[in-house]
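Student: I would like a close look at one helix and what surrounds it. Please go through it step by step.

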Amino acid sequence: MKYPLRLLEIWVSSLFLCYNKVTIVKMENKMTKTPFITADKLDQITAEFPTPFHLYDEKGIRETARAVNAAFSWNPGFKEFFAVKATPNPAILKILKEEGCGVDCATDTELVMSNKIGFDSTAISFTSNDTRAEEFVYARDINATINLDAYEDIFFLEEAAGLPETLSLRFNPGGVFSLGTDIMDHPEESKFGMTKEQLFKGYAYLKEKGVKSFGLHAFLASNTVTNEYYPTLAAQLFELAVEIKNELGVSLDFINLSGGVGVDYTPANKQNDIAAIGEGVHTKFDEILVPNDLGDISIYTELGRFMTAPHGLVVTKVLHIKDTYRRYVGVDASAVNLLRPAMYDAYHHITNMTNPNGDIQVVDVTGSLCENNDKFAKNRELPEARIGDTLVIHDTGAHGFSMGYNYNGRLRSAEILYQEDGTARMIRRAETMNDYFATLDGFDFEI
């Protein structure tokens, strides 16, 4: 049989595409993430603590904190102010405090926690928005460094609590922030920060009012996986600092690069190199600030995700297997325990600790909430999951427990710390129904 040339071309192209698809699948199957804990050790922990729970790796958190401090050790005033919102647990904050980190708080609740743990006032910053007067009052009472989000907040703070001697202002350059040809984010659409004109007016007013120490803060993009983000942002802020000095006679005491340095959640695992990032900022510092007699400026960071995300797992067990138009693997965790996949359609890698070498199946991994977005994975290739198997969801050490909620009356899970000595201890117990009912007024549901 003779085929027309065009049909033959289509047939060959189809074979080529099929070959490529198979090749890609095989390559993807080879890419994986290795949990920080062995299956045997995890079996011991799940025998003591019922799933689901969040598990944190103390050793990994300490190593990351040390790497960040080393990367910026060239700057005598450097301080990492860990973003409390990422992992608001006193045990985690205490570890970071021991490693020389400070904390950045967004609410009075986080301020109270940080103050009670024993962070020195110089190690607490307060970066909030739409802030209540009493929150500013408390921040002033504990002498936290206040970072104002809006030009209008200057006058709100002045009336509510008075102006402190040290203040930082948050800058939003507007427009689009890009690296090369890649658009990283759209600052103009962000509710955070003030315009350049407002920034300059703010510094001028604060100087007139007797403020003695000034800081500059900016956050332009979230979860960047590139060593160029901080150096690019730093260059913009350093040039702005020179303008502020030349036009207003105000020499900044610190520049806060905020967060935005992220982690690669995918199995490709192409993580940021914090040493290279620190050296990139160092180069811009020497090129821009030092020649303009601003070499005494301290550099601050507010890393959250980078500090703890890779050092956390959601540990969960398979409860049900359901076959309809897809195969569904139902686990005892849900979006209550990890909201990111449901909210952002975010990818989190999953490892079957019990059956890592099982036959590959394409499945959805789901929780029990009455919402179809309660899925940790969609059409994901995973080793066969059987009822009772233990799965771990990777990179949940930041914005995991902290984003939890109680939809359907589901209760937030425990937090467990896997300590450097190989033991595990509970650092937050799981919620109970009594916790859920405790805030109701006029009804007694205690069980």
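How many residues does helix α9 (residues 229-248) have, and how far does it reach from its first C-alpha to its last?

Tutor: The model is predicted. Helix α9 runs over residues 229-248, which makes 20 residues. From the first C-alpha to the last it reaches 28 Å, close to the 28 Å expected at 1.5 Å a residue. Just after α9 comes glycine 249, with a positive phi of about 70°.

Next, the side of the helix that is covered. The buried residues of α9 are Tyr229, Tyr230, Pro231, Leu233, Ala234, Ala235, Leu237, Phe238, Leu240, Ala241, Val242 and Ile244. Among them, Tyr229, Tyr230 and Phe238 belong to one aromatic cluster, together with Phe72, Trp74, Phe78 and Phe285.

A pair of aromatic rings is described by the distance of the centres and the angle of the planes. The whole structure has 17 aromatic pairs. One of them joins phenylalanine 72 and tryptophan 74, with 6.3 Å centre to centre and 40° between the planes, and it is tilted. Phenylalanine 72 and tryptophan 74 are both buried. Tryptophan 74 also pairs with phenylalanine 285; this pair is edge-to-face, at 5.3 Å centre to centre and 65° between the planes. The pair links distant parts of the chain, 211 residues apart: tryptophan 74 is in the loop between α3 (58-71) and β2 (79-83), and phenylalanine 285 is in helix α10 (residues 274-289). Phenylalanine 285 has a relative accessible area of 4%, so it counts as buried.

Glu58, Gly60, Ile61, Arg62, Thr64, Ala65, Val68 and Ala71 are the buried residues of α3. What covers them includes α10, β1 (53-57), β2, α4 (90-98), α11 (305-308) and β18 (414-418). Proline 52 lies in the loop between α2 (39-48) and β1. The peptide bond from threonine 51 to proline 52 is cis, with omega near 0°.

Most residues other than glycine have a negative phi, and most peptide bonds are trans. Two residues have a positive phi although neither is a glycine: aspartate 130, at about 50°, and asparagine 379, at about 45°. Aspartate 130 is in the loop between β4 (124-127) and α6 (133-141); its relative accessibility is 71%, so it counts as exposed. Asparagine 379 is in strand β16 (residues 375-383) and is partly exposed, because its relative accessible area is 47%.

Last, the open space in the model. The largest pocket holds about 1,000 Å³. Its lining has 43 residues, and Lys85, Arg170, Phe192, Phe219 and Ser222 lie nearest the centre. By class the lining has 14 nonpolar, 18 polar and eleven charged residues. At least two lining residues come from each of β3 (102-105), β6 (166-171) and α12 (340-344).

How values were computed
Residues numbered from 1 in each chain as written. Predicted model: local features only at pLDDT ≥ 70, side-chain atom pairs only at ≥ 80, totals over all residues. Heavy atoms only, no water. 1 Å grid on protein atoms, 1.4 Å probe; cavity = no way out; pocket = protein on both sides within 12 Å on 5 of 7 lines; lining within 4 Å. Points joined across faces, edges and corners; volume = space filled by probe spheres on them. Helix = DSSP H or I, 4+ residues; strand = E, 2+ residues; numbered from the N terminus. Nonpolar A, V, L, I, M, F, W, Y, C, P; charged D, E, K, R; others polar. Expected span 1.5 Å × (residues − 1). Buried < 20%, exposed > 50% of the residue type's maximum accessible area, 1.4 Å probe, protein only. Phe/Tyr/Trp six-rings, centres within 6.5 Å; stacked < 30°, edge-to-face > 60°. Contact = heavy atoms within 4.5 Å.
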